[in-house]
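Here's a quick briefing for anyone meeting this structure for the first time. Have a look at the model, then work through the topics below.

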Amino acid sequence: MEGVEWFHTIDLGDGLVTPGKDETFRKLEWLALPESLESRSVLDVGAWDGFFSFEAERRGAERVLATDSFAWEEPAWGPKGWGTRAGFDLAHRALKSKVEARGIDVLDLDPETIGTFDLVLFLGVLYHLPHPLLGLEKVASVCSNQLILETHVDLLDLGRPAMAFYPGEALAGDDSNWWGPNMKALEAMLRYVGFTRVEVVHREARRYRFARAAYRRMRGPRFRAQQGRCAVHAWK
Ligand SMILES: C[S@@+](CC[C@H](N)C(=O)[O-])C[C@H]1O[C@@H](n2cnc3c(N)ncnc32)[C@H](O)[C@@H]1O
């Protein structure tokens, strides 16, 4: 486990838990992932260390495919260049997992090459895409039934569909962040790419966003009250 910079907190068994930088378990709560995924096929797009792929397998999914691009490629990904595939491979071995893994960019997702999946997980990836609507179209093309999407959002108090654009390092000093849609834009984009029902399963309360913005202003990179995270389920 040493030498790996973990994004996900993964219980590898025998008392070994990876020291992930992200809030893996909080995110899992937001997602409302079905308790049982028995007989379902699952695609985890932008899987990184693979926590959500392994969790889908643990919940009984028949087939799980994990895909990623930047974090699994050289040079290492992220503002400090710490994203690699080493964590996924190590956890895969430790868990004796049958999750399949392929290096595929979102824009190269294609039903002709990977098939379609009952459930697609698209978590923490949308805002990293320079072309988010095109990316969503590609994601929809490999989804036969349900999508679970988790993302950064912005302009939350604006009553019209809109997306904030982050040129350079304008969001949290990370030049891999491009866009922050608001809820209305997200829902409209999902319908545009072919989902007929969209249900918001997690959004941060306004008072929480304002309290966090004030706290962050004193301590770290600026995070505005208009910004937050959300999770949605969408069906074809
Ligand atoms: C913030 S991490 C989210 C990881 C995981 N899905 C989660 O929610 O915990 C973003 C991931 O998206 C991947 N990613 C970013 N742009 C991508 C693209 N164009 N195609 C495939 N993966 C991409 C990164 O490599 C990274 O693994």
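**A first look**

Q146 sits across from W235 in β11; strands here are DSSP runs (E) of at least two residues and helices are runs (H or I) of at least four, both numbered from the N terminus. This is a predicted model, where local features need pLDDT of at least 70, side-chain atom pairs count only at pLDDT 80 or more, and totals for chains, interfaces and linings use all residues. Residue numbers start from 1 along each chain as its sequence is written.

**Strand β11 and its partners**

- Strand β7 (residues 143-153) pairs with β11 in the antiparallel sense, over eight bridges; pairing takes at least two DSSP bridges between two strands.
- Strand β10 (residues 197-203) also runs antiparallel to β11, and six bridges join them.
- One of the bridge partners to look up is H233 in β11, which goes with E199.
- Strand β11 (residues 228-235) is largely enclosed by the rest of the structure, because six of its eight residues are buried. Buried means 20 or more other C-beta atoms within 10 Å of a residue's own, exposed means 12 or fewer, and partly exposed is in between, with C-beta atoms placed from the backbone.

**The whole chain**

- Seven helices and 11 strands make up the secondary structure of the protein chain.
- The protein chain is as compact as a globular protein of its length, because its radius of gyration is 17 Å, close to the 18 Å that the globule rule gives for 236 residues. That radius is taken over C-alpha atoms, and the rule is 2.2 Å times the number of residues to the power 0.38.
- Along the principal axes, the C-alpha atoms fill a box of roughly 45 × 40 × 30 Å.
- Of the 236 residues, 39% count as buried.
- Take the contacts between residues at least 6 apart in sequence: 66% of them join residues at least 24 apart. A contact means C-beta atoms, placed from the backbone, within 7 Å.

**The nonpolar core**

- The largest nonpolar core has 59 residues, and V42, V120, L121, F122, V139 and L147 have the most contacts inside it. Such a core is a set of buried Ala, Val, Leu, Ile, Met, Phe, Trp, Tyr and Cys residues joined through C-beta atoms within 7 Å.
- Strand β6 (residues 117-123) gives the most to this core, with six residues.
- Setting aside neighbours within four places in sequence, V42 is in contact with L37, A56, A61, V64, F117, L119 and L121.

**The loop between β3 and α2**

- G50 lies in the loop between β3 (41-45) and α2 (51-58), and G50 counts as buried because it has 28 C-beta neighbours inside 10 Å.
- Beyond its neighbours within four places in sequence, G50 is in contact with A66, F88, A91, H92 and V99.
- G50 and D68 are 18 residues apart in sequence, with 9.6 Å between their C-alpha atoms.
- W48 is in the loop between β3 and α2 too, and has a positive phi of about 50° although it is not a glycine.

**Around the ligand**

- Of the 17 residues around the ligand, G46, W48, A71, L123 and G124 come nearest; a residue is near if its C-beta atom, placed from the backbone, lies within 6 Å.
- The shell around the ligand divides into nine nonpolar, five polar and three charged residues. Ala, Val, Leu, Ile, Met, Phe, Trp, Tyr, Cys and Pro count as nonpolar, Asp, Glu, Lys and Arg as charged, and the others, Gly among them, as polar.

Definitions and conventions
Two residues are in contact if their C-beta atoms, placed from the backbone, lie within 7 Å.
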